[in-house]
2 protein chains.
Amino acid sequence: MDYSISEVARYFGITVSALRYYDQVGLLHPAGRRGTVRIYGRDELRRLALIQLLHHDGMMSLADTTATLADKPPSGGSRHVVAESIRVMHHQIEQLRAAQHILEHLLTCPRDDPIRDCPVLRTQLEDTVDTALHANQTAELDTRMTNKDDSGRPET
Amino acid sequence: MDYSISEVARYFGITVSALRYYDQVGLLHPAGRRGTVRIYGRDELRRLALIQLLHHDGMMSLADTTATLADKPPSGGSRHVVAESIRVMHHQIEQLRAAQHILEHLLTCPRDDPIRDCPVLRTQLEDTVDTALHANQTAELDTRMTNKDDSGRPET
DNA sequence: CGTTGCGCTCAAGTTCACTTGAGCGAGCAC
DNA sequence: GTGCTCGCTCAAGTGAACTTGAGCGCAACG
């Protein structure tokens, strides 16, 4: 029922120092201490599994992960963090698919230098470029109007 | 047909300093220079679109992105990088889906503190924990090979 | 009873991907 | 002809997420 820091580290493929760091920043405290030694219980293992999923696999920042796990009732300010994360992840999945698609094409395309020669790839990228140019012709107006205050990228 | 560094930056939602950095590390060189000033052409815009997709959206490191774009015939050493990236992205998509699913549950679960109280979530995490413990009993054996005489530490 | 192993703390260091700052030049605008 | 904007270089700084190192305690092993 009790696990030492090195056991937890081994089981979850994480380092001991990372676990101490998580303790330090308040992301994952051990169940308690025997003397000065950290003791983890089942609850902490479950919490760690969730942390791994959100942070490592879901690419949420440690801060957001902390916020998400901190909300007793998810109605607090972290509810927004959670909803936003879902949205970001959704977008991320789509982008990953697109990137994957391109990479697969790179592997199978018979051209010597697909990036320069392949018409399929070229057309696709040309589209993206056009979209970028367009998107920004409008943004450019906004920016020019109000003087300098630019931020955020135009979500391709 | 020619674009200044600030135009490219604006169009692609990237900073001027990032573009100079890309030039510096050999990821994206300008088509040429007018005096000391960087000039980008259509080819560079297409390349940048690809960079954004792989690096930013596909989460590949700049080094891997550079390697991927560097392979004239994708049969070189970077072929492995590409194949590996596809595999990683595939895994990433699945993990993102799982994370997304959990977050959605957090938003809809009627429990006050789903992380502790919700049986669905709890069971799911318990499974992950068990898998982790299990996976490591085998890994542990590998590591232990040199050190016989057991040590069943999984406790209880 | 010394040394090996695991654990601890606290401070400083590391990597990645940029950003910022200092200091300078070219072009045009008034 | 002075100032503004855009661009340049090179060196140093930044933030996130850890890692590493120094120095220490404690328990067991031979």
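The expected span of a helix is 1.5 Å times one less than its number of residues. Helices (H or I, at least four residues) and strands (E, at least two) are DSSP runs, numbered from the N terminus. This is a predicted model, in which local features need pLDDT of at least 70, side-chain atom pairs count only at pLDDT 80 or more, and totals for chains, interfaces and linings use all residues. Residues are numbered from 1 along each chain as its sequence is written, and chains are lettered from A in the order in which they are written.

**Exercise 1.** Check the span of helix 3 of chain B, then describe its cover.

Step 1. Helix 3 covers residues 42-57, which are 16 residues, so at 1.5 Å a residue the helix should span 22 Å.
Step 2. The C-alpha atoms at its ends are 21 Å apart, which agrees.
Step 3. B:Met59 follows helix 3, with a positive phi near 60°.

**Exercise 2.** Find which strands of the chain B sheet stand at the edges.

Step 1. The sheet is open, with 3 strands in the order 1-3-2 and antiparallel pairing.
Step 2. Strand 1 (3-4) and strand 2 (32-34) each have a single partner strand, so they stand at the edges, and one side of each lacks a neighbour in the sheet.
Step 3. Strands pair if DSSP finds at least two bridges between them; strand 1 and strand 3 (residues 37-40) have 2 bridges, in the antiparallel sense.
Step 4. B:Ser4 has B:Ile39 in strand 3 as its bridge partner.

Notes
Side-chain values use heavy atoms; hydrogens and water are left out. Buried means under 20% relative accessible area, exposed over 50%, partly exposed in between (1.4 Å probe, protein chains only).
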